[in-house]
Amino acid sequence: GVEASTTAAWMERHRQMYERATRHPFTVSIRDGTIDLSAFKRWLSQDYLFVREFVAFVASVLLKCCKQKDNLDMEIILGGIASLSDELSWFKNEAVKWDIDLASVPPLKSNLEYHRFLGSFTEPEISYAVAVTTFWIIETVYQDSFGFCIEEGNKTPPELRGTCQRWGSAEFKQYCQSLQRIADRSLANAPADAVKSAEEAFVRVLELEIGFWEMSASQS
Ligand code: HMH
């Protein structure tokens with residue numbers, strides 16, 4: 001379309017918080033090679049638990065999508081669920097490499113807080129526009145954070161490149177851009193109160209992502 005992107009305007013309006021989420025000292029330390037490997041292992045363990053909850057969240061986005069009159073976005077979201085199936089296998093594989101027993105990892109406080117937020121989207125009152133916008137920003141924070149770790153000039157340790165590639169690849173970036181187009185189109189057709197809720201959810205995701213990096217950087 002020719003209409004201005006609502007999501008791009010929010011990224012500008014909340015630029016400081018967006019930067020805090022996507023250039024966090026934790027991911028910047030991956031890029032500059034100073035990452036503490038025990039912190040990395042904590043992130044990996046906690047993110048596995050996150051992704052399990054995220055599957056249920058994306059399923060709730062898919063369900064809202066299917067209830068739309070015009071559900072052309074269905075394939076993109078379904079593809080997202082399929083990639084999460086791969087991602088869970090990837091985590092299990094990484095855990096073996098890093099000698100982590102995933103079955104014995106308890107979720108930490110910031111992770112539980114994020115789970116609660118994701119769980120709230122199963123409510124039918126939450127509109128598709130709000131849910132799909134939330135989905136887009138959650139994926140985008142990882143795309144931008146890990147993309148930075150493989151950009152020119154990085155000193156990312158070789159054993160962490162695969163992780164950065166997973167979310168930093170050109171393919172994942174295109175997927176995020178598809179989600180952004182879907183979010184913008186849904187927001188353009190949404191009532192003002194839904195647009196307001198979507199912006200609040202956008203900011204909340206940035207806060208939760210910052211909390212997640214903090215939790216990974218130092219046990220809390
Ligand atoms: C905490 N945010 C967190 N984990 C993830 N795996 C993503 C976003 C992207 O999938």
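This is a predicted model: local features need pLDDT of at least 70, side-chain atom pairs count only at pLDDT 80 or more; totals for chains, interfaces and linings use all residues.
A polar contact is a pair of N or O atoms within 3.5 Å; within protein, one must be able to donate a hydrogen and the other to accept it, and residues adjacent in sequence count only if both atoms are side-chain atoms.

Residues are numbered from 1 along each chain as its sequence is written, and side-chain values use heavy atoms, with hydrogens and water left out.

Start with Asp47. An N or O atom in its side chain lies 2.7 Å from a nitrogen atom of the ligand. Tyr142 also has a side-chain N or O atom 3.1 Å from a ligand nitrogen. Glu139 places a polar side-chain atom 2.8 Å from an oxygen atom of the ligand.

## The shell

Which residues surround the ligand? They are Asp47, Phe50, Val51, Phe54, Ile138, Glu139, Tyr142, Trp167, Glu209 and Phe212 (each has a heavy atom within 4 Å of the ligand). Seven are nonpolar, three are charged and none is polar (here Tyr, Trp, Phe, Val and Ile count as nonpolar, Asp and Glu as charged).

Helix 4 (37-66), helix 7 (128-150) and helix 10 (192-217) each supply at least two shell residues. Helix 4 gives the most, with four.

## The whole chain

The chain has ten helices and zero strands (DSSP runs, H or I of at least four residues for helices, E of at least two for strands, numbered from the N terminus). Its C-alpha trace spans about 50 × 35 × 30 Å along the principal axes.
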